[in-house]
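Open your viewer and get ready to select a few things in turn.

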Amino acid sequence: MKILVTGNTGQVGWELVRSLQPLGQIIVAGRETADLSNPAQLRDTIQTVKPDVIVNAAAYTAVDKAESEPETANLINAQAPELLADYAAKAKALLIHYSTDYVFDGSKPGAYQETDTTCPINVYGHSKLAGELAIQAADCDYLIFRTSWVYASRGQNFVKTILRLAKEREELNIVADQTGAPTWARLIAGTTTCALKQALVERAKGGFEPGIFHLTASGETTWHGFAQMIVELAREQGASLLVGKINPIPASAYPVPAARPQNSRLALTKLEQRYAVRMPYWQDCLALCLQEFSLN
Ligand SMILES: NC(=O)c1ccc[n+]([C@@H]2O[C@H](COP(=O)([O-])OP(=O)(O)OC[C@H]3O[C@@H](n4cnc5c(N)ncnc54)[C@H](OP(=O)(O)O)[C@@H]3O)[C@@H](O)[C@H]2O)c1
């Protein structure tokens, strides 16, 4: 069983390379051998490796920069997944891919189901939705996991930013009118591993159903609530932080190039039922992840 993993230097990819080890031979295809903006090179690598499973954790994730680079975002987030899906269809391989809460506009009052109408409000969201649609159209065996607000002890993310700012400043202003579920990259990788194990059995028996699944931690918060919890848990774990006040502000007071949905909540029932998993609360994952930071 050859499992090719892209995006191995990213938050999710780095964890996947570790968690998928028991399931097969992991072939890491980083930017040097599988540049998703270089279709010819990507095709060559795939054809040479001939993987049984592709786990595509690479993506153009610079949400604000994407507003001024729509072609590049589309090439990496839509055209490359289409190429991977075409290979999967022809070679009867399985494609696992990641998408985002940003395929929705955030206007729904409750948690989004997988079947809810998509309507991205920024370039990144459009490019990720185009990737989903291309994979679905290719008629391959696929699993697409939509996740949200990803963090890890590696890579660039909100947790790292807040810990840095909390050491430098007495007061922080954080957006309090956007709601979602912070999700540890290790939870995504671990759940993917459970899902892949089951998918391999389903495929062997001929009972595999492709699909889109929402995959986040349980619970919800705002960026402001997330920041407060980061500071509280970091202090509990011995961090010495300067910050005193964390002020809630509206997103309108913190202008950025790309619009963000107000509601990023994703319903987890479909994932939990199909894979017999129970997604842990975001606070519990955050506490575990913070243990990997050098907090002093
Ligand atoms: N981060 C979030 O908050 C978030 C939220 C929802 C969904 N997602 C989705 O979850 C998945 C994993 O995200 P993540 O947070 O792990 O991303 P990440 O930490 O930003 O990592 C992105 C990875 O993609 C690679 N990459 C970028 N452009 C590439 C190219 N042209 N060719 C090959 N590799 C390329 C990067 O390689 P280099 O190190 O070489 O740049 C890196 O390994 C993505 O599909 C993302 O859209 C993320």
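At what angle do α7 and helix α9 pack? Select α9 (residues 282–290): its angle with α7 is about 50°, and the two axes are 10 Å apart. Axes here are lines fitted to C-alpha atoms over the stretch in contact, with angles running from 0 to 180 degrees between N-to-C directions. That makes α7 oblique to α9, a word for angles that are not under 35 degrees (roughly parallel), over 145 (roughly antiparallel) or 65 to 115 (roughly perpendicular).

A word on the model: it is predicted, local features need pLDDT of at least 70, side-chain atom pairs count only at pLDDT 80 or more, and totals for chains, interfaces and linings use all residues. Residues are numbered from 1 along each chain as its sequence is written.

Next, show the contact residues (C-beta atoms, placed from the backbone, within 7 Å). On α7 pick Met-229, Ile-230, Leu-233 and Ala-234; on α9 pick Gln-283, Leu-286, Ala-287 and Leu-290.

Now click Glu-236, in helix α7 (residues 223–236). Glu-236 counts as exposed because it has 11 C-beta neighbours inside 10 Å; the cut-off for exposed is 12 or fewer. Asn-173 is 63 residues from Glu-236 along the chain, and their C-alpha atoms are separated by 22 Å.

Of the 27 residues around the ligand (C-beta atom within 6 Å), Thr-9, Gly-10, Ala-59, Tyr-98 and Val-150 come nearest.

Terms used
Helices (H or I, at least four residues) and strands (E, at least two) are DSSP runs, numbered from the N terminus. A residue is buried if 20 or more other C-beta atoms lie within 10 Å of its own, exposed if 12 or fewer, and partly exposed in between; C-beta atoms are placed from the backbone. Two residues are in contact if their C-beta atoms, placed from the backbone, lie within 7 Å.
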